[in-house]
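Let's take a walk through this protein, one stop at a time. Keep the picture open and follow along.

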Amino acid sequence: NAVLPSPPTYSNDFFGRPAFLTVSGQLNAEIFACSLGKVYTFGPTFRAEQSHTSRHLAEFWMIEPEIAFCDRDGCMDNAEGYVKHCINYILSTCASDLEYLDNGSAVWKGTAHSLIESLRALVDKPFARCSYSDAIALLQEAVASGVVFEEKVEWGMDLPTQMERYLAETKYGGPVFIYDYPKDIKSFYMRLNDDGKTVGAFDLLVPNIGELVGGSQREEREATLLARIDELKLDVEAYQWYLDLRRFGSVPHSGFGLGFERLVMLCTGIENIRDAIPFPRFPKSDCTC
């Protein structure tokens, strides 16, 4: 008979138990936001997906604000203001750099006369907003009119980049917030909507990239949060400290994460995210530095 391997033992490891790299500092930042009002983190985050695309890295940097007394719509307002602030600052202080990039950037040539004009167009009007259900309807209409997507469009799917870019580039011609996603494709901490099927989450989609920002209103109701943890079969003991924030007084609060390298792509016209970071790390990469 085959001998099964013994389960791993962690007692002699550094932490004495399983430990993992994090994809976000958000849960910890929520504690500080509910104490201080408005906070943010900026640091490296890690992802384990086997994503070999021009928009994904195994390690990237993320800016994550958390805001107390803020709902989903207020959080979208904050994200829009932040992105526009960054672009306006670059337009006003880095004109010569943008002109240099303009001459070598091909990614924007089909959507506007120049990189500079494209950036100005992003900040000159409000970002569009569309519910997930309406976005699915728009994509289904596109299929009916002859547009071909690699995946079937159906409610409940996680929108692939091809569809995200179609919405931002073709349907809206600029940045668009997609909000109220199905709960089954989003994380447990996102606030459950009254319909019981969707959560108060949003993604900001931009031309030539797809998702730039992802955020949500956080679930501040202890009973609802416990039900979601149980529904997803997560280890409730690992989240006791997070649940304490709800047990001992909480407030409506929201936050988002913005991938810094994708922001660099947006502002420079760089086509591949691996060119937007000094030491790109991705699955099977040679970078060991």
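Start in the loop between β5 and β6, where you'll find Asn208. (Helices, H or I runs of at least four residues, and strands, E runs of at least two, come from DSSP and are numbered from the N terminus.) Asn208 isn't a glycine, yet its phi is positive, at about 70 degrees. Most residues other than glycine have a negative phi. Asn208 is also buried, with a relative accessible area of 15%; buried means under 20%, exposed over 50% and partly exposed in between, using a 1.4 Å probe and protein chains only.

Before moving on, know that this is a predicted model: local features need pLDDT of at least 70 and side-chain atom pairs pLDDT 80 or more, while totals for chains, interfaces and linings use all residues. Residues are numbered from 1 along each chain as its sequence is written, and side-chain values use heavy atoms, leaving out hydrogens and water.

Lys233 isn't a glycine either, and has a positive phi of about 60 degrees. Is Lys233 buried or exposed? At 73% relative accessibility, Lys233 is exposed.

Next up is helix α1. Its buried residues are Gln26, Leu27, Ala29, Glu30 and Ala33. They sit on the same side of α1 because they cover an arc of only 150 degrees around the axis, going by the directions from the helix axis to the C-beta atoms. Here's the background: an α-helix has 3.6 residues a turn, so residues three or four places apart point the same way. On the face turned away from that buried side, you'll see the exposed Ser35 and Leu36. Among the elements covering the buried residues are β1 (38–46), β2 and β7.

Over in strand β2 sits Glu64. Glu64 is buried but has no salt bridge, and the nearest side chain of opposite charge, Arg218, is 6.1 Å away. (A salt bridge needs a Lys or Arg side-chain nitrogen within 4 Å of an Asp or Glu carboxyl oxygen; Lys and Arg count as positive, Asp and Glu as negative, with His and chain ends not counted.) What does the side chain of Glu64 reach at 3.0 Å? That's the backbone nitrogen of Gly25.

Finally, look at the largest nonpolar core, with its 38 residues: buried Ala, Val, Leu, Ile, Met, Phe, Trp, Tyr and Cys joined through side-chain atoms within 4.5 Å. Val83, Phe202 and Val213 are among the members touching the most others. The largest share, 8 residues, comes from α2.

Notes:
Contact = heavy atoms within 4.5 Å. Lys, Arg positive; Asp, Glu negative; His and termini not counted. Polar contact = N/O pair within 3.5 Å; in protein donor to acceptor, adjacent residues only side chain to side chain.
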